[in-house]
Amino acid sequence: MRIPEDIIQEIKYRNDIESVIAPYVNLKRRGKNLVGLCPFHSEKTPSFTVYPENGSFYCFGCGAGGDVFTFTGLMENLDYVESVKLLAERSGVALPQDGVDDSMQRLRNRIYDINRDTARFFHQYLMSENGRPALDYLRGRGLSLATIRHFGLGAAPDSWDALLVHLKQKGYTESELIAANVVGKSQRGSLYDRFRKRVMFPIINIRGNIIAFSGRAMPGEDKQGGKYVNTADTPVYKKSANLFGMNFAKNYCAEQIILVEGNMDVISLHQAGFQNAVAPLGTAFTTEQANLLARYTKEIVLMMDADAAGQKAIRRAAELLANTGLSTRVVVIPDGKDPDEYIKKNGPERFAALLQGAVSDMEYKLLTAANGLSLETEEGKLKYLNAAAEIVAGADDVVARDLYISRLSDQYGVSRTALTAKVEELRKRSIKTRRRKEIADVLRPKSAREDVNPERRRSPKAAAAEETLLAVLLKNPDFYLDAKEQLPPEKMVTALNRRIYEILLTALDEGKQLDISLFAEQLLPAEIGYLVSLQNSEKARQNPKSVLKDCIRVILEEDMMLQMADSADKSPEDWAQELQKMINQKTKGK
C-alpha cells in the first residue's frame with residue numbers, strides 16, 4: 001500500500017531537492033543544474049548532478065540517483081516509507097495513518113525499544129553489587145559516575161541467557177531479539193546472549209536513539225571473540241555510517257571535530273571538556289563517516305594512536321576528508337600515547353596546548369616520511385627528499401607548494417631549482433594518472449548500467465533501444481498510447497526495462513503524473529539510479545516521436561531474433577515473413 005500521490009507531491013513541494021541536498025553536498029550552479037562531489041563515493045572531480053527541473057539527482061561516477069526521498073534514505077540509512085515520514089515531519093505535512101505498509105518501520109521501532117531496554121539492563125547491572133568489578137574498572141580508568149551515567153555505560157553479566165530471559169519477559173519475540181543482534185543463534189538452534197562479561201558502550205545516533213552496542217572484555221579475562229565485540233549491521237544500524245559520540249559532539253563542533261581512535265578516548269576527552277570528540281566504530285574510517293562530519297563542522301583534527309596502525313589510519317582518514325573540502329590537521333601525541341593516556345597524565349591544559357600545535361596534513365606527511373631514515377647520511381637524505389617531493393607535488397595550492405619547497409631547500413641545503421623541477425615532474429605524472437582515472441570514472445555508467453541490468457550484455461542493441469524508449473516516454477508521456485499499442489511489455493527483451501515499462505504504462509493508464517516516487521517502492525536503489533539516468537539523458541531530445549517508432553522496430557526485431565535463436569520449429573524465411581508482417585501491422589498508419 002502506498003502513501004497518496006497528492007501527499008507525496010506536497011512533501012516534495014515543501015522539500016525542494018536543492019535545499020535537501022545542500023547541507024550534505026557543496027553544490028555549484030552549472031547552467032540550469034547543480035554539481036558537487038558525490039557523498040556516496042570518493043571523488044575529486046564533481047560527477048554528482050542535481051536537476052531542480054524535475055527534482056532528481058544522479059551521480060555519473062557511481063550510478064546513485066533518485067529524488068528527495070531516495071537521497072534522504074541513502075544518507076540516513078532509511079527505507080522509502082521512513083524517508084517520506086522524516087521529510088513530512090520536517091516540513092509539517094500530516095501523513096494518513098492508514099494505507100502505509102510500515103512493517104519494516106515497526107521492526108525498526110521494536111529494535112529501538114529492545115536496545116533501550118538492553119542499555120537499561122546493562123547499566124543497572126553495572127550499578128549492582130554483581131557489576132562491581134566492571135564499575136571498579138571504569139572508575140580505575142578515571143571516569144566519574146556522572147560521566148558513566150552521561151554515556152549510559154553498563155556491564156554484561158557472565159551469563160548465556162540473562163539478557164535473553166529479561167527481554168522475553170518484556171514481551172519481545174525471539175526473532176526480534178535476533179534482528180536486533182543482542183541475541184545470537186547457535187548451529188544447534190539454541191539462543192544465547194551475544195554480550196557476556198564485558199563493559200558495555202551503547203552507541204547512539206544523532207537523533208538520540210540507541211542503535212547498537214560495543215562490548216569490551218574485562219582486563220585479565222579470556223578475550224574469546226576479541227577484545228571488542230560489536231553489534232553487526234541491523235535494520236537500524238550501519239557501523240560504517242555512524243560515529244561514537246556524535247550524538248553529543250554535534251552540539252559542540254561548529255568549528256572543529258577531534259577524530260580519535262576508540263570509545264575510551266572519546267569519553268575521556270568529553271569528561272575533560274573536549275566535547276567535540278568522536279571515533280569510528282570498530283572499522284577503518286569510511287567515506288560515509290567523512291560525509292557525516294562534513295555536515296557539522298569546518299575542520300577535523302586527527303588524533304589517532306602513534307603506532308603504525310594509527311599512522312595508516314591517519315593517512316586514510318586525511319585522504320577521505322580531503323574529498324569533502326574539510327580542513328584537516330594532525331596531532332602527534334608524544335611518547336606514542338593515545339589521547340586517553342595523555343590527558344590522564346598531563347591534564348586538560350596540556351592537552352589544549354597539544355591541540356593548538358596540530359600540524360597540517362602536509363606537514364604530518366613530511367614528518368612521517370623521515371621515519372626509519374638516517375638523515376645524517378647522503379643516501380638517507382636523498383631518499384627523504386624524493387619522498388618529500390612526491391608529497392609536495394600532491395598539493396593543489398601553488399602557494400603551498402612554493403612554501404614547502406622553500407622550507408625543504410633551506411633545511412636540507414638542496415637547490416630550490418632542482419627541487420622545484422622534481423616536484424613539477426612528479427606533479428605532471430600525477431595529473432596524467434588522475435585524468436586517466438577521471439576518464440574511467442566518466443565511462444563507468446556503461447559498466448554500472450550493465451551491473452544493474454546484466455541482460456544488457458546478452459542483447460546490447462535491444463537494451464539500448466529499450467533505454468531510449470523509456471527516456472522518450474519519461475519526457476513525453478503523451479506518446480505512451482502509441483507505445484502501448486505497438487509494443488506489449490512482454491516483447492521487451494530485458495527484464496528490468498520490461499518491469500519499468502509496465503510500471504510506467506500502469507501509472508499512465510491510471511492518469512498519474514510520472515514521478516520517481518511512483519517507482520520507489522517497486523525498484524531497488526540501484527535501479528532507481530538507472531531510471532533517473534534515463535530520465536535526465538540527452539536521448540531523443542529531437543524528433544522524439546520518430547525516435548520512439550525506431551526504438552519499437554528495433555525491440556521487435558531483436559525479440560524475434562532471440563526467439564529464432566531459441567527455436568528450431570521455423571525456418572529463417574518463415575521468421576522473416578512473420579517479423580515483417582508484425583512490423584507492418586504495428587506501424588500501419590503511424
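Modeller: Let's start with the overall picture: this protein has 25 helices and 16 strands.

Biologist: What makes a stretch count as a helix or a strand?

Modeller: Both are DSSP runs, numbered from the N terminus: a helix (H or I) needs at least four residues, and a strand (E) at least two. The structure is a predicted model, in which local features need pLDDT of at least 70 and side-chain atom pairs count only at pLDDT 80 or more, while totals for chains, interfaces and linings use all residues. Residues are numbered from 1 along each chain as its sequence is written, and side-chain values use heavy atoms, with hydrogens and water left out.

Biologist: What is the mean pLDDT of the protein?

Modeller: The mean is 86, and 89% of the residues reach 70 or more. pLDDT is the predictor's confidence in each residue, on a scale from 0 to 100.

Biologist: Where is confidence lowest, and where is it highest?

Modeller: Helix α25 (residues 572-587) has the lowest mean, 57, while strand β6 (residues 154-156) has the highest, 98. Over residues 441-447, pLDDT stays under 50, and the model has 8 contacts beyond four places in sequence for them. Where pLDDT is low, the predicted coordinates should not be read in detail.

Biologist: Let's look at single residues. Why is N115 called buried?

Modeller: Buried means under 20% relative accessible area, exposed means over 50%, and partly exposed lies in between (1.4 Å probe, protein chains only). N115 has a relative accessible area of 1%, which is why N115 counts as buried. You will find N115 in helix α5 (residues 103-126).

Biologist: Which residues is N115 in contact with, leaving aside neighbours within four places in sequence?

Modeller: Those residues are A180, V182, I210, I211, A212, F213 and V236. Contact here means heavy atoms within 4.5 Å.

Biologist: Is I516 buried or exposed, and what makes it so?

Modeller: I516 is buried, because its relative accessibility is 4%. I516 is found in the loop between α21 (495-509) and α22 (517-520). Not counting residues up to four places away in sequence, I516 touches K12, G66, D67, I528, L531, V532 and Q535. I516 and N54 are 462 residues apart in sequence, and their C-alpha atoms are 9.3 Å apart in space.

Biologist: Why is L373 called partly exposed?

Modeller: L373 has a relative accessible area of 28%, and that is why L373 is called partly exposed. L373 lies in the loop between α15 (361-368) and α16 (378-393). Leaving out residues up to four places away in sequence, L373 touches G380, K383 and Y384. Y384 is 11 residues from L373 along the chain, with 7.3 Å between their C-alpha atoms.

Biologist: How many of the protein's residues count as buried?

Modeller: Of its 590 residues, 49% do.

Biologist: What makes a set of residues a nonpolar core?

Modeller: A nonpolar core is a set of buried Ala, Val, Leu, Ile, Met, Phe, Trp, Tyr and Cys residues joined through side-chain atoms within 4.5 Å. The largest core here has 62 residues, of which V182 and I258 touch the most other members. Helix α5 gives the largest share of this core, 7 residues. A second, separate core has 38 residues, including L504, I528, L534 and L548.

Biologist: How many cavities of 30 Å³ or more does the search find?

Modeller: The search of the whole structure finds 1. The largest cavity has a volume of about 40 Å³, and its lining is made up of F151, P202, I203, I204, F244, G245, N247 and F248.

Biologist: And which residues lie nearest the centre of the second largest pocket?

Modeller: G73, L74, N77, L78 and D79 do, out of 40 lining residues. This pocket holds about 910 Å³ of space, and α3 supplies the largest share of its lining, 6 residues.

Conventions
1 Å grid on protein atoms, 1.4 Å probe; cavity = no way out; pocket = protein on both sides within 12 Å on 5 of 7 lines; lining within 4 Å. Points joined across faces, edges and corners; volume = space filled by probe spheres on them.
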